[in-house]
Amino acid sequence: MRVSFIGAGNVATRFAERLEECGVEVVQMCSRTLTPVSELDPTAVDAVIIAVSDDAIAPILDSIPSAGGAVWLHTAGSVGIDIFDPAKFPRRGILYPLQTMLKASEADWSKVPLLVEGDPLAGELARLMSPSVAELDSESRRRLHAAAVICCNMAMYLWSLSEELTDRAGLDFDMLRPLIELTARRAQEMSPAAAMTGPAKRGDEQTMRKHLAALPAEIGEVYKFLSNKMLQQFHPEIQL
């Protein structure tokens, strides 16, 4: 099996490393800083994997003169398979990893679900890379991607606000890490809705108002918005 990549960022790097471990030959890595996309030869490979930002996929596909017989795959969670013109790209599909990836951090491929759609080669490559492979249509994958952004990126943003608060108070953010670990473990062991605790869950309006008075305005806005959303669920008679 021979593949080429368009993209050289976090996902492309980890995918290329994993595929090479599985015996797949990576022929080209095309990007702004490496081989230009104009020099891509899709006739020399079985598949071309596009691992770039979502907004960059369509312009890249528009710039490609011919599919060259290769299967064209992208790795985006929110971009549908219909971004490929079937007349231009008769063999097309999706190879989406339900995991955050960084160049500086090894990926544990035994725990990376891969969601595929389209050409069977997407599934073949996925099964080489991970034991957890499932077919998912574009609309379902888009919803799953949104859920992933909420539970990963948005949660990380909230932890960054906690870090900002501990820094402002001259405290060590490490004090919160055991709580983060316990929270993540409970989310794996039970329904997150059932695992929720805290003043909004209890309807403790006095405590929440004390928190708001102590918080910087920009963090207070986030605290108030999320607390009111939780209050709507558990104590709709209370609003901050």
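This is a predicted model: local features need pLDDT of at least 70, side-chain atom pairs count only at pLDDT 80 or more; totals for chains, interfaces and linings use all residues.

T75 is buried, with a relative accessible area of 9%, where buried means under 20% relative accessible area, exposed means over 50%, and partly exposed lies in between, using a 1.4 Å probe and protein chains only. Residues are numbered from 1 along each chain as its sequence is written, and side-chain values use heavy atoms, with hydrogens and water left out.

T75 sits in the loop between β4 (71–74) and β5 (92–97); helices here are DSSP runs of H or I with at least four residues, strands are runs of E with at least two, and both are numbered from the N terminus. Leaving aside residues up to four places away in sequence, T75 touches V11, F15, I49, I50, A51, L95, Y96 and P97, a contact being heavy atoms within 4.5 Å.

Let me turn to helix α1, residues 10–21, which has 12 residues and reaches 17 Å from its first C-alpha to its last, close to the 16 Å expected at 1.5 Å a residue, the expected span being 1.5 Å times one less than the number of residues. The buried residues of α1 are A12, T13, R14, F15, A16 and L19, and what covers them includes β1 (2–6), β2 (25–30), β3 (47–50), β5, β6 (114–118) and α3 (120–129). Just after α1, G23 takes a positive phi of about 90 degrees.

Now to the cysteines: how many disulfides does the rule give? The count comes to 0, a disulfide being a pair of cysteine sulfur atoms within 2.5 Å. The sulfur of C151 has its closest cysteine sulfur in C152, 6.2 Å away, which is too far for a bond. C151 is exposed, with a relative accessible area of 57%, whereas C152 is partly exposed at 27%.

Finally, M156, Y157, L158, W159, F225 and L226 make a nonpolar surface patch of about 580 Å². The elements that give two or more residues to this patch are α4 (138–168) and α9 (217–234), and the largest share, 4 residues, comes from α4. F225 is placed in helix α9 and is exposed, with a relative accessible area of 51%. As for the terms, patches are made of residues with over 30% relative accessible area and no salt bridge, with like charges joined within 9 Å and nonpolar side chains (Val, Leu, Ile, Met, Phe, Trp, Tyr) within 5 Å. A salt bridge is a side-chain nitrogen of Lys or Arg within 4 Å of a carboxyl oxygen of Asp or Glu, and accessible areas come from the Shrake-Rupley method with a 1.4 Å probe, only the protein chains shown counting as cover for residues.
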